[in-house]
Amino acid sequence: MNDTTVKREFRRLQWILWLFVMVCLTSACKDEEDAAMAPYDPDQPVVIDHFTPTEGGAKTKMILYGSNFGTDKSIVSVTVGGKEATMISVKAKNIYCIVPEECYEGTVEVTVGEQTVTAPTKYKYVPQMVVTTLCGYVDDLGNGDIIPEGPFDNCGKIEYPLWFSFDPQHSNILYLTQNTNKNIRILDLEKEYIYTTQINSFSITRMCSISWTNDGDMVIACPQNNIDRGVSNIILKRNPREDGLDFKDVTPQRLTSSRACNGSMILPQTGEIYFNYRAQGATYRYDFVTNGYDNNPTVSASQKENLMFQVPDKASNFSFVMHPDGLYAYIIMHELHYILRANYDEENRQLVNPYIVCGASGQAGYEDLTSTSARINTPGQGVFVYNKEYEKEGKRDHYDFYFCDTNNHCIRILTPDGIVSTFAGRGSTSANVYAYGYINGEVREKARFNAPVALAYDEVNKAFYVGDSKNYRIRKIAMEEIPEEFLDQSADENTSNEAQISKNKGETVEMND
């Protein structure tokens with residue numbers, strides 16, 4: 001046999017072998033496909049071997065493995081902890097579903113036709129960050145009674161919440177100004193009760209930001225747009241009371257005079273007040289500790305004394321939030337959709353000229369990007385929140401900045417590196433096409449707000465409070481509270497809140513069918 005014949009025979013054998021392998025693979029694939037599409041047999045038992053993942057929160061995607069599930073979703077259901085899961089797909093050997101909310105007890109059951117079987121292990125429910133309603137009530141048309149004083153579950157409509165601030169000496173007392181009146185609302189979070197105190201001095205018609213002196217007195221910005229010598233900031237001297245409501249019935253004193261001041265703060269390093277003059281986009285400071293109350297020059301368009309800096313845009317509302325470590329202040333340009341940063345100059349003991357760190361002037365939008373590439377829409381109040389990972393990494397700045405993105409109906413995060421992401425809101429896309437609404441639940445997948453403006457953070461209890469202006473309510477963002485009877489079956493009570501917050505910065509877990 002010559003070489004040509006040998007080569008020809010070898011190629012023929014190769015083709016025969018290849019055809020044999022292909023036939024085997026095709027047959028195996030067909031057998032596997034047939035097995036996956038096998039119908040439910042009522043004469044055979046339904047079996048659950050296992051499921052994955054074995055722990056997580058609501059809305060987790062779960063796959064159950066077993067046999068005799070069939071392929072007809074109409075006769076198949078899954079419950080977790082007695083709550084019905086959302087079905088995605090069913091094949092003879094696996095079921096794909098979404099874990100329901102509040103399934104604390106954890107028993108996993110599958111019903112196919114007339115058969116119901118229980119998985120050999122329970123699902124371990126892990127608490128997650130959720131949005132709930134703290135207080136406030138209106139009907140579907142936005143109508144509700146305004147009740148000056150009462151328990152959280154019967155306190156009526158919360159009108160136009162603008163600015164929150166915790167009393168630095170009473171961690172359970174939260175103060176709130178409202179954009180359209182001269183009331184201060186006082187929330188006792190321990191007693192779950194709300195009070196109202198009204199400021200009737202100096203012809204004040206409304207109040208804006210709240211800050212605190214180094215002695216623990218309250219300072220409030222009070223814009224009076226048509227009065228040059230009108231009060232622009234008032235100070236309320238603390239009147240200690242056993243119930244902690246130290247400012248419930250306190251007569252204010254004038255602190256600064258100017259028109260159009262809608263934002264102020266106390267610089268902690270010096271005790272001076274920094275306050276704005278909206279018409280000129282200017283920021284002034286006044287040392288009232290040294291010079292006394294209301295001895296500052298009247299601020300006008302030509303006034304240069306004590307002028308610290310000007311923001312890029314005139315005639316726009318802006319407010320200040322000081323970093324907890326005194327490194328800098330963020331200046332929130334509410335109407336022009338950006339945030340500035342003014343660093344603290346230790347040598348001269350003052351804030352210096354600010355620069356943009358988030359968004360762009362006049363460019364409203366919704367983009368989770370970096371720094372000036374990000375887009376926000378009418379930012380409201382913001383708060384600094386400690387992030388322990390930054391300290392572990394040796395960074396100087398240990399705080400993220402959470403802020404209300406009012407007309408995007410959500411809460412955003414600005415990291416020290418300038419990364420902007422969405423923390424809460426704009427969920428439930430299956431409900432309708434709108435980003436706004438009134439829906440409680442998991443912070444990103446489900447919850448919705450309607451024009452959130454005010455924001456506070458309780459460092460002790462790791463809870464956010466949101467003034468949800470067009471829902472006329474105060475919302476709360478915190479870890480789920482699992483009923484005591486289910487605590488042993490839930491995840492560790494010490495689950496890291498910081499880890500949960502980080503998870504909601506945009507990380508997602510996808511599972512393939």
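Reader: In the hairpin of strand 8 and strand 9, which residue takes a positive phi, and how many residues lie between the strands?

Author: Strands here are DSSP runs of E of at least two residues, helices are runs of H or I of at least four, and both are numbered from the N terminus. In this predicted model, two residues lie between strand 8 and strand 9, and G113 takes a positive phi near 60°. The two strands pair in the antiparallel sense over four bridges, with V112 standing opposite Q115 in strand 9.

Reader: Before going further, what conventions apply to the numbering and to the values?

Author: Residues are numbered from 1 along each chain as its sequence is written, and side-chain values use heavy atoms, with hydrogens and water left out. As this is a predicted model, local features need pLDDT of at least 70 and side-chain atom pairs count only at pLDDT 80 or more, while totals for chains, interfaces and linings use all residues.

Reader: What is the mean pLDDT of the protein, and where does pLDDT stay under 50?

Author: The predictor's confidence in each residue, pLDDT, runs from 0 to 100. Its mean for the protein is 88, and 86% of the residues reach 70 or more. Over residues 489–501 pLDDT stays under 50, and the model has 31 contacts (heavy atoms within 4.5 Å) for them beyond four places in sequence. Residues 503–513 also stay under 50, with 25 such contacts.

Reader: How should I read a sheet, and what is the strand order of the open sheet of four strands?

Author: Strands of a sheet pair through backbone hydrogen bonds, either parallel or antiparallel. Two strands are taken as paired if DSSP finds at least two bridges between them. The open sheet of four strands has the order 5-4-8-9, with antiparallel pairing. Strand 5 (83–84) and strand 9 (115–118) stand at its edges, each with a single partner strand, so one side of each is left without a neighbour in the sheet. Further in, strand 4 (residues 76–80) pairs with strand 8 (residues 108–112) over five bridges in the antiparallel sense; V78 has V110 as its bridge partner, and S77 stands opposite T111.

Reader: Which residues of strand 8 make up the covered face and which the uncovered one?

Author: Cover is judged by relative accessible area, where buried means under 20%, exposed over 50% and partly exposed in between, with a 1.4 Å probe and protein chains only. In strand 8 the covered face holds V108, V110 and V112, whereas E109 and T111 form the uncovered face. Across the protein, buried residues make up 51% of the 513 residues.

Reader: What is the strand order of the open sheet of five strands?

Author: That sheet has the order 34-11-37-36-35, and its pairing is antiparallel. Strand 34 (441–442) and strand 35 (452–458) are the edge strands, each with a single partner, so one side of each lacks a neighbour in the sheet. Strand 36 (residues 463–468) and strand 37 (residues 473–479) run antiparallel and are joined by five bridges, with F464 having I477 as its bridge partner.

Reader: Which residues touch the most other members in the largest nonpolar core?

Author: A nonpolar core is a set of buried Ala, Val, Leu, Ile, Met, Phe, Trp, Tyr and Cys residues joined through side-chain atoms within 4.5 Å. The largest has 54 residues, of which Y175, M218, I220, I234, L236 and F401 touch the most other members. Apart from that core lies another of 27 residues, among them V112 and V117. For F401, the contacts beyond its neighbours within four places in sequence include V321, Y330, I332 and L414.

Reader: How many salt bridges does the structure hold, and which residue forms one with K83?

Author: Side chains of opposite charge can pair when their charged atoms come close. A salt bridge is counted when a side-chain nitrogen of Lys or Arg lies within 4 Å of a carboxyl oxygen of Asp or Glu. The structure holds 18 of them. K83 forms one with E102, the closest N and O atoms being 4.0 Å apart. This pair links distant parts of the chain, with K83 in strand 5 and E102 in the loop between strand 7 (94–98) and strand 8, 19 residues apart. K83 counts as partly exposed at 32% relative accessibility, as does E102 at 40%.

Reader: Which residue meets R254 in a salt bridge?

Author: R254 meets D294, at 3.4 Å from N to O. R254 belongs to strand 20 (residues 253–257) and D294 to the loop between helix 2 (288–291) and strand 24 (307–310), 40 residues apart. R254 is partly exposed, with a relative accessible area of 23%. Elsewhere, salt bridges that share partners join D167, R238 and D246 into one network.
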